[in-house]
Each structure stands twice: as C-alpha cells, then as structure tokens.
Amino acid sequence: MTQTTGNTFRKVNTVLHRDLGYFFAALILAYSLSGIALNHVDEWNPDFIISKNEIELKGSYKKNDISPELIRDFSAKAGESSYRLYDFPSSRQVKIYYKDATLMVDLEKGEGLYEKISRRPVFYQVNVLHRNSVDWWKWASDVFAAMLIIITITGLLMLRGPNGFSGRGKWFFGAGFIPPIIALVFQQL
Amino acid sequence: MLRSTTDYTRNLLVILLLMIAGCTAKPEESAEIQPGNDRKIGVLLISHGSHSETWRNTLFELEKNVSDRIQENGKVSGTKSAFMEYTEPSIATRLKEFDNEGYTDVVIIPILLTVSSHSFDDIPTIIGLKENPESVEMLKLEKIERYTPKATPHITPLLDFSDILRKNVLRRVRNLSNNPEDEGLVIIAYGSEPYEKEWTELFDKAANHVHAETGIDAYSIGWCGHIVRYSPDSTASAISRVLDKKKTALVIPSLVAFDENFQIKIIGGGIEKVDDHETRVKYKPDAILPDSNIEQWIVDISEEYAANISKQ
C-alpha cells in the first residue's frame, strides 16, 4: 500500500468511524439502556409501572351476592367512579375492569387488589425498539447491527503506532475475549 | 241454508289455507332446525403457542384427530387451530379466515388446563370480548394482533371442567410406577400467579385420585412457568419434598404438549439438581397430549355448543 493510498484509507476510516458514531449514538444509548433494563426482567417490570393497592372490603361475600350495586361500592373504595365490566375467574373471585386498571376481589377474604397500569417512561420506548415490537423495525435493527460492526472495525484501525491495534491495542482486544470465554466454560460445567 | 253456505265457505277457506301451507312450508323436521341452517359454525382450538416445533405439531395433530369427528354430524362446517403467541397461525389470522369463509359462529376451545391470565383475560381481549388494560398493553408489545370477528365467538370451559386431567395423570403414573409403597408423586405444571389456589386445587384432586387408585400417598407440586421465572429450582424442591418421605419420586410434567425448553431444560434441569436422581427419580419427559379422552372431550363439547347455537 502506497503512502497516499494508506492516508486515503485512514481518512475514510476516520470519517466513517466518526460520522457513523455520531449518527448511531442515540440508538447505541437506547439499546444499552434497554439492555440493562431487560437483563433484570425477573426483578422488575421494565415496560410498565403497575401500582398495587390492597383494599379492605369488610366481610366476605358469595358469588351470588354480587350485583352491579356491590361492584360500584367495591369500585368506589378503589377510587373508581365507574367500571367497564366484571367477570368471575373462579367462584371465590370477581375481577372488575376499568379504563387502565383492574380490581381483583377475593370474595371469601373480603380483600381487593387494585392494579393500575402505566407505561414506564423512556424504558417502554427503548424496549419497544430493542424487542422489535414495531414490525419493520427489525430491518432497521439489522442495519444498525451491521453499522456497529463497521464502527467497531474502523475503531480498531483508527490509530497507528504504540497505541494502535498493532501496539497495545491487540492485547486489549485479546483480553476482551476472556470474560465471554469464562462464562461459556462455566456454562458447560 | 245460510248455515250450510257459511260452513261451506269456512271449509273452503280452511282447505285453501292448508293447500297454501302445504306448498310453502317445509317438512316439520326441517322447520325445527331452520335457525341452524342459517348458521355456519366453526370450531377453533386455541393453545398457548411455543417456539418448539414438536409442541406445535402435537397441537396440529390434535386438531387433525378430532376434525372429522367434530364435522360428522353436519352442524360444524370447519375446524382450525390457532396459537395465542409466538407463532402463526394466530387467533386473529384464524378468525379472519372464518369471517372470510362466511362463518356466523365460532366455538372457541381453549386447550388450557385451568384458569390463568391467558384464559381469563388475554384470549377474551384478543377477540374483543374484554379490554383488560394489562392484556391490551402486553399484546401490543408482543405484536399479538387483536381482532373482533364478525362471527359470534362462543368460548367453552377449560380442560379442568371434566375429570380428564385426573385420568391422564393416573395413566402416566401407572406407566412409571413399580412399587407404590415406596413412591411419591411430583406434579410439575406451568402455574399462574393470580390463580395459584385454583391450580393447586386442580392438582390436589389429581393426586388424591392417584392415591385412591394406586395407594401412592406422598405428593408435591412444583411450577415451571412464569410464576417461578422458568427456574428449575421449584422442580428440584418439589422432588426433594417427596424424597424426604419416600424412596422414589415419580415426576409427571402436567404440560399440554412436549416443549424441549420445559420438559428437558427446566424440569430435566431441576431433576439433575437432586442428589441421587439417577436412582431415586423416575421421569419420562412426556406431556398430557396425546390423550384420547381429551380428543373425545373436544368432540363432545363442540357438538354440545354447536347444538345450542343451532337452536338459538
């Protein structure tokens, strides 16, 4: 490779790395945030805030006791002035539906669990992208993945000399393989 | 004379009316089933859905086995299968097909064991009978289409409605059992957080039936679904509880069909965590299906619903 060709290559490499980096910065941050959120899906609900409120209904009831009036009384205790419908999942329970909430009443115990659902701001939106919950987004996601590969490769080739890939870079590059290899070894044990 | 003329006129009118009626009315039997003739009834078997091809094929096989029998009496014109999530054909896809084919009524048979959020909220929300806020949001996020069919949907009871599960568990226990005195039963099921009591009661009944029929008196239950975040630990712990009392644990997966992730990875993984599992645990990674009793139940309930719809 002549010096001119080499310089041109490095210039293109730098421009690609810089501008792709700028362009995809928002998406990289969104996916990283969502990645952390979804990693902990067992410990929290990354998409929705479900506020729960236990309600004491005083006394026990039977399925036959349930009437629209009683449902309105239960609803009032949960702070709801009207309901959409109610239904019986079992003989001991009635579930009342509202616009963005439900009240599950345990008729035997006379207890209600009121649950109100709302989208978790920012996380809901970044998770929608990360999960490809928009049909065509998977293609955008594929392009994004390909661009991340380009950003990474151009990053590896960016510098020359002792701080470049051929210098200390190769050691760091190699060290990056260690954590996943350890994880895979543990998985096989 | 006057009376005779009046009688004559009346008789003539009666004869004329009878003649008109004779020309226009259909035979009595046809007249009775007339409302049913205006209807085109379909049967849709809805199951949870799975990434496992084996799982899906089992459900398609179930439909194949019951389809002709359901349509035998002429009241039902077609049967289809749908999956609630993960793969096509989805519920919306199938309901659109029924609508396009001119069906007026669809009997929906959920192939689900007992009450859960899927049976009670998700399926009714998908088909437009309910609008459970959490289901609406989750369905949107998981790209599960909601579709309100033009045909009238009729949802049947779940499998727990009959004694199918008890017979199924007993049959599978008998296949594994050699020495009931030394054995305990471990049932592993998907489970459902809001309805844990109903699930437990369902399997308590099955275990009591096994006890009455075989003498196996130790029993425990473990979950393998979302309720335990798909962890094998609940399986391991249920087995350990039985092994505290008995020499051998018979592990029965009470899941509709075989899914590698559940019967092998989660339940199998749980078994491997138990000390001496090679000698003390008996396990066949099978499922509730295939089961001829379930097939017959589907045929019977389809006929029952179709007959009622025809009478309406």
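Predicted model: local features only at pLDDT ≥ 70, side-chain atom pairs only at ≥ 80, totals over all residues.

Trainee: How many bridges join β5(B) and β7(B), and in which sense do the strands pair?

Mentor: The pairing of β5(B) with β7(B), residues 248-253, is parallel and extends over 6 bridges.

Trainee: And what about β5(B) and β6(B), parallel or antiparallel?

Mentor: β5(B) and β6(B), residues 218-223, run parallel and are joined by 6 bridges. Within that pairing, Leu185(B) has Tyr219(B) of β6(B) as its bridge partner. Between the two strands the chain passes through helix α9(B), residues 196-214, and this β-α-β crossover is right-handed.

Trainee: Is β5(B) itself buried or exposed?

Mentor: Strand β5(B), residues 183-189, is largely enclosed by the rest of the structure, because 7 of its 7 residues are buried.

Trainee: Which residues lie on each side of β5(B)?

Mentor: In a regular strand, side chains alternate between the two faces of the sheet. On one side of β5(B) are Glu183(B), Leu185(B), Ile187(B) and Ala189(B), and on the other are Gly184(B), Val186(B) and Ile188(B). Both faces are covered, and all of these residues are buried.

Trainee: How much of chain B as a whole is buried?

Mentor: Of its 312 residues, 43% count as buried. Chain B contains 13 helices and 8 strands. Among its contacts between residues at least 6 apart in sequence, 76% join residues at least 24 apart.

Trainee: Changing topic, what is the strand order in the open sheet of 4 strands in chain B?

Mentor: The order is β2-β1-β3-β4, with parallel pairing. Its edge strands are β2(B), residues 76-83, and β4(B), residues 152-155, each of which pairs on one side only. On average, neighbouring strands are turned by 25 degrees against each other, direction ignored.

Trainee: Which residue stands opposite Ile108(B)?

Mentor: Ile108(B) faces Ile155(B) in β4(B). Strands β3(B), residues 105-110, and β4(B) pair in the parallel sense over 4 bridges.

Trainee: Which strands of the sheet do α4(B) and α13(B) touch?

Mentor: Helix α4(B), residues 53-71, packs on the sheet against β1(B) and β2(B), and its direction makes about 170 degrees with that of β2(B). Helix α13(B), residues 292-311, also packs on the sheet, touching β1, β2, β3 and β4 of chain B. The direction of α13(B) makes about 150 degrees with that of β3(B).

Trainee: Now chain A. How is it divided into domains?

Mentor: Domain 1 comprises 3-44 + 121-161, and domain 2 comprises 48-119. Their centres, taken over C-alpha atoms, are separated by 46 Å.

Trainee: What is the strand order in the open sheet of chain A?

Mentor: This sheet of 5 strands has the order β1-β5-β4-β3-β2, with antiparallel pairing. The edge strands are β1(A), residues 48-56, and β2(A), residues 85-90. β1(A) pairs with β5(A), residues 111-119, over 9 bridges in the antiparallel sense, and Ile50(A) has Ile117(A) as its bridge partner there.

Trainee: How many residues are in contact between the chains?

Mentor: 14 residues of chain B are in contact with 17 residues of chain A. Helix α7(B), residues 133-141, gives the most to the chain B side, with 4 residues. That side divides into 6 nonpolar, 1 polar and 7 charged residues.

Trainee: Which strands of chain A does α7(B) lie across?

Mentor: α7(B) lies across β1, β4 and β5 of chain A, running at about 35 degrees to β5(A).

Key:
Residues numbered from 1 in each chain as written. Chains lettered and ligands numbered in written order. Contact = placed C-beta atoms within 7 Å. Nonpolar A, V, L, I, M, F, W, Y, C, P; charged D, E, K, R; others polar. Domains from an automatic or database assignment. Buried ≥ 20, exposed ≤ 12 C-beta atoms within 10 Å, placed from the backbone. Pairing = 2+ DSSP bridges. Right-handed = clockwise from strand over helix to strand, strands pointing away. Axes fitted to C-alpha atoms, helices over the stretch in contact; angles between N-to-C directions.
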